[in-house]
Amino acid sequence: MKNKTNFPSQEEETCPSRCPDNSAFKQQRLPAWKPQLDIVTVLSSFFLTGAFCLTVGVCLILSANSVREIQVDYSDKCSDCSKFRENSSNWNKECHCSVNFTLKEDILGDVFMYYGLQNFYQNHRRYMISRSDAQLLGRNVNIQRSYCAPFTTYKNGTPMAPCGAIANSMFNDTIDLFYNRNSSVIQVPLLKTGNSWWTDKNVKFRNPESYNLSSAFAGTARPPYWQKPVYLLDEGDERNTGYVNDDFIIWMRVSAFATFRNLYRRVRRIRHFADGLPAGNYTFQISYNFPVSKFKGRKHVILSTVVWSGGSNPFLGIAYVVSGTAATLAGFVITAIHLKLRKKKTYFQRQ
């Protein structure tokens, strides 16, 4: 049998090759730097990382502990109003309660007022998507195609503005703060604007364009649990009503946990409160509109200051301390293993 030499056919010569181009990049011939790790480099990295995390963690914890905060739970003290609100026939009637508390020391600096809810789950998937972002941008859209159901329209076909479960469940208690100074009662001035994020106020939320808001929302109706339409959320300030109302914007930013707090007001630093809240007796006057007993929730008001790291939340500081401790311990473990192996190596070399 004769040997045959295999020559490439003409068809194979014309077809492009599947091999990568003979370039430095595609053939992986580019110059590269590969660190040569030795024991000094590894241990230095672990100990420096541990020292950095421990330092930052301690600073964050000390900063969080320096925040002055007082929390007042008014769920039980306003239990009569809570029972009153459980009756749906009283939806348009007002119920007021008052809660007294004492500040033993001055709270200096900017003071922020929050409302807090417990056992209120906003992280349910159906609840989180129950909104129409296009509607909140002031566009004329068909909310039947949104995820707002069942809070889209009434039985007569009137659309809700705003639609969805998030808007319908908006926190609507009204909280006023009074300072009992000697025999006089002074209302603490509170700021209700400037509490939301700039991007929310100017980008994500817009009112429909019209010569006035009442005509802009003509043909729509308030959500079932609301006491007044959206264009009357703040009758005293046209720049803080409708979809751009600060309280509404903050509520629409849902929480990831069942216990959370939202910014409600800021203390205006004038007259008696130029330096903050002085020590003394105070009273919260609450118009109770938001019942929580059906889902076994609780409500409270928080007065707090802030520092460079934020509010009173030591979680980030604790996380840094734990990470720094773990890195430092890992460094000591690696050091012990290295010394042990080096002793064995020296022993065998002598043998």
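A word on the model: it is predicted, with local features needing pLDDT of at least 70 and side-chain atom pairs counting only at pLDDT 80 or more, while totals for chains, interfaces and linings use all residues. Residues are numbered from 1 along each chain as its sequence is written, and side-chain values use heavy atoms, leaving out hydrogens and water.

Now to the two domains, whose bounds come from an automatic or database domain assignment.

| Domain | Residues |
|---|---|
| domain 1 | 41–67 + 311–329 |
| domain 2 | 68–305 |

Their C-alpha centres lie 36 Å apart. The contact (heavy atoms within 4.5 Å) takes 4 residues from each of domain 1 and domain 2. About 260 Å² is buried between them, 45% of it from carbon and sulfur atoms; this is accessible area (1.4 Å probe) that the two parts lose on being put together, summed over both. In domain 1, Ser66, Val67 and Ser312 lose the most area to domain 2, together 93% of what that side buries.

Finally, Trp251. Leaving aside neighbours within four places in sequence, Trp251 is in contact with residues including Tyr115, Phe120, Ile166, Met170, Phe260 and Phe290.
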